[in-house]
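Me: I am new to this structure and would like to learn how to read it. Could we go through it feature by feature?

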Amino acid sequence: MSKLLEIDQFTLHFPGRGALLNEVSLHVDDGEAVALVGESGSGKSLTTRAALGLFPETSRLSGSVKVQGLDTTSAPAAKLLQLRRNRASMIFQDPRAGINPVRTVGDFLTETLVRWRGLSREESVERAITQLEQVGLRRTKEMMRQYPHQLSGGMLQRVMIAAALLDSPELLLCDEPTTALDVTTQAGILELLREQQQARAMGMLFITHDLNLAASLCDRVYVLRKGEVVEHGAACDVFLSPQADYTRQLVGATPRIELDKVPTAPAADGTMPLLSVKGLGRRYELPGGEMLTALNDATFTLAPGGSLGVVGESGSGKSTLARMIVALETADEGELAINGRVRAPRPLRARERKLLAKDVQIVFQDPYLSLDPRIAVGKAVADVFRLHQGQGRADAVQSARELLERVGIGPERFESKPRALSGGQRQRVAIAKALAARPKLLVLDEATSALDVSVQAQVLELVEEVREQLGLTILFVTHDLAVVSRLCAELLVLQQGQIVEQGPTAKILSAPTSDYTRTLLDSRPRALWEEQPA
Amino acid sequence: MAVTQLAAPPAPPTPATKKSPTAAPLALVLRRVGTLLITLFFASLIVFFSRFVLPGDPARFLLRGRSPKPEALAEITKQFGLDKPPIEQYFTWIGGILHGDWGRSLTYRQSVSDVLLNRLPVTLELVALAAVFITGLGLIAGMLASLNKGGWDRFILITVTAAGAIPPFVAAIVLTALFAVQLGWFPSFGSGDEGPSRLWHLTLPALALGVTFIAFMARVTRSSMNEQLTREHVEVATSRGLTRSSVVFRHVLRNALGPILTVSGVLIAGLLVSSAIVEQTFGLTGIGQLLVQSIDRLDFAVVQAIVMIIVTAFVLANTVVDLIQPLIDPRIAAGTESR
């Protein structure tokens, strides 16, 4: 077997700053699937792009990156073009950002064919249509004339894969190709990639932050941390008996469904439910005049001290539900009561909103967007104390200090602006801000989805901790069943605005009654060695 | 096996997404044209009635230098319909415009249409030539700055910032001094005859008129392209082996056109207004010069007509821009808007 991609002692840095990649060495053989696992900022994207000769401007390089013997760090531009055109293709993370939104899908697919494959327009269209069908798309003729915004994310990713395959590459580079997709869509894409990789005997380098994904697709794994390879070996070995501390930590932080660790609901003692929802519905009018039912006839209750997970894919109505609970949206029908107080069916007035905010707080998905970039984090939290607890300036600052300390933000960070903090720290601040109102119900809307696995694990731990200490009631909205299994005693599964299943988490996960829940469970990536029992 | 079934993607476009592209264009055009008409109506109200706010009696002005005999004054007032109530005057005026009659000029003693028709070609040619310079030079400067980081970018940015601060009349004087007086390449005065001579005569005025806008256009092009250059689809295009020029023209410039076009729409009005100064400086007999003279002589019929033309040109240009936008970015037509 010859080495298709061979990266040797590759170092990349910007003048005056530390190395982003430090003596990275890895190789991919012909027809082999290799995973490169790492968290954000580990340099995995830089490594893959290097294989195509895509280096950031003004960066300094040393070492070598060879694709079939061609060193991309020193190759002339013409050779690089040939490499990109004929031998290596890349599939990017977000197909919606990766395909030019103002050009048609057909244009995207055929632009390479008509330019240097010497095909006529008709021939390339034909070729593209065949390729689209091969990646499992239907109505391909119409699709060629459509624009990216008219297709779903999963379909677009298939288009992106089709475009990569059109060049019949020997090396396929995948940069987190399923991160922007739903679990069930992800399962389909992974299957397609595996299928094509084996059918065409392509070498594949698959980047991901998710060990489960790596294990489900690749034979060998490299673990990258802060620009250095900390461990490599057979996927099975790395996963089951990690050697490096970091890998061990990563494996430990990777969420898994462990039924015996699912929390149990507090015994029903006949008290009034904290949150009670009856026949709740919300509709939106689409630009075409059509009505979209975001949520239909949702009915459930949540007892004080309970924890409810709301699981569904994008468009299932889970965020709409969360937003209605905190009164960011108004229900079109049904009844929503918190602490026995029934919500008026209209947008709340400022005074009512303030009153509600004392009981219910929300933490959003992206802490980069949900914190004001101009306000120091300490002041942000102190402001909540002043608003909701009526504390004076000095008292509020003191309370904020204590609370931030408790969520793991030291006093030295008190004056920092959000941009000086990491993603995990920002989410801690966002949680502290929510807790400062001393709410009874904390709504977490995909609060850990934007975070790295290790950070996600820490934030989940924090949520568990404050729930126990403060007796909080938790409503956790997520797409990840494993996260729910760890945090929530009760579970509610949403599909296209309908509740398809609800009940104790352990029961639903061990014996799902609805097809959809079963599909969700089956779609979770499974390690290769588990699929083929010896 | 459940996975394989899921692998079949959901049925493509739901009726909702399929419906909009066919129904949208006509509705969009009608809505824009409706907005256009309403805007013009309100503009006409403001243009017409603003004269009653201004001091000065046009009839009295006509008789300047002579002893204003009350009878003569009354007769002229009556002849130009100035004795009727303002509302009635407005309807006479607007009704006339709809029939192509813009009223009579007080100073020239002929119909406003005739006066304007003599002048309009020069101004239109001037503005058109300036527009060519603006798009040509502005786009090229912006693209060069955006694609050549470092020295070139800084040089163009500084030049453009300096040029943007030059008022048209200063630019006119500098250009005349340099190219007409010193080098003698271009004439410094007059609009010449039809054809090449006209073009030759209008080059300096068009440059003087355009210099601020060239700077503006260069800046917008530069920032709009810079924004697109960082987009992932540009990286994807590069990774597929497209040449630099293919990437720039197909994926950067094409996507950057939206903001550039929006700015162009706004520029039109600025060009027409600035043309007054430039025409005055270069002695061109266009409507800009006419506007200045007519205000001076309280020739309201002419002033109103010119202002209406400028307003119409402005609104029309922006409507056209709005209508072209969906062709450049199909997401706007679908109502999902760019982001």
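This is a predicted model: local features need pLDDT of at least 70, side-chain atom pairs count only at pLDDT 80 or more; totals for chains, interfaces and linings use all residues.

Me: What share of the residues of chain B count as buried?

Reply: Chain B has 339 residues, and 45% of them count as buried. Its accessible surface is about 17400 Å², with 69% of that belonging to carbon and sulfur atoms. Among its contacts with a separation of 6 or more, 73% are between residues 24 or more positions apart.

Me: Now the sheets. In which order do the strands of the open sheet with β1 and β2 of chain A stand?

Reply: The general idea is that strands of a sheet pair through backbone hydrogen bonds, either parallel or antiparallel. In this case 4 strands take the order β2-β1-β4-β5 (chain A), and the pairing is antiparallel. At the edges are β2 (19–29) and β5 (70–71) of chain A, each of which pairs on one side only. Inside the sheet, β1 (residues 3–13) of chain A is joined to β4 (residues 60–67) of chain A by 7 bridges. One position to look at is Leu12(A), which stands opposite Leu61(A) in β4(A).

Me: And why do β12 and β15 of chain A each have one side without a neighbour in the sheet?

Reply: They belong to an open sheet of 4 strands in the order β12-β11-β14-β15 (chain A), with antiparallel pairing. β12 (291–302) and β15 (341–342) of chain A stand at its edges with a single partner strand each, so one side of each has no neighbour in the sheet. Between β11 (residues 275–285) and β14 (residues 333–338) of chain A there are 5 bridges, and these two strands run antiparallel. Ser276(A) has Ala337(A) as its bridge partner in β14(A). Helix α12 (residues 318–325) of chain A lies across β11, β12 and β14 of chain A, at about 120° to β11(A).

Me: Which residues of strand β16 of chain A point one way, and which the other way?

Reply: In a regular strand the side chains alternate between the two faces of the sheet. In β16 (residues 360–363) of chain A, Val360(A) and Ile362(A) point one way, Gln361(A) and Val363(A) the other way, and all are buried. β16(A) runs parallel to strand β17 (residues 441–445) of chain A, and 4 bridges join them. Val360(A) stands opposite Leu441(A) in β17(A).

Me: How many residues has the largest nonpolar core?

Reply: The largest nonpolar core has 84 residues, and those with the most contacts inside it are Leu5(A), Leu26(A), Leu109(A), Val159(A) and Phe206(A). Helix α7 (residues 153–166) of chain A supplies the largest share of this core, 10 residues. Leu109(A) touches residues including Val159(A), Leu166(A) and Arg240(B). Another core, of 55 residues, lies apart from it, with Val278(B) and Ile310(B) among its members.

Me: Last, how far apart do the C-alpha centres of domain 1 and domain 2 of chain A lie?

Reply: They lie 32 Å apart. The contact between the two takes 25 residues from domain 1 of chain A and 16 residues from domain 2 of chain A. The assignment gives domain 1 as 3–98 + 170–253 and domain 2 as 259–267 + 306–329 + 348–530.

Technical notes: Residues are numbered from 1 along each chain as its sequence is written. Chains are lettered from A and ligands numbered from 1 in the order in which they are written. Side-chain values use heavy atoms; hydrogens and water are left out. Buried means under 20% relative accessible area, exposed over 50%, partly exposed in between (1.4 Å probe, protein chains only). Contact means heavy atoms within 4.5 Å. Accessible areas come from the Shrake-Rupley method with a 1.4 Å probe; for residues, only the protein chains shown count as cover. Two strands pair if DSSP finds at least two bridges between them. Axes are lines fitted to C-alpha atoms, for helices over the stretch in contact, and angles run from 0 to 180 degrees between N-to-C directions. A nonpolar core is a set of buried Ala, Val, Leu, Ile, Met, Phe, Trp, Tyr and Cys residues joined through side-chain atoms within 4.5 Å. Domain bounds come from an automatic or database domain assignment. Lists of a residue's contacts leave out its neighbours within four places in sequence.
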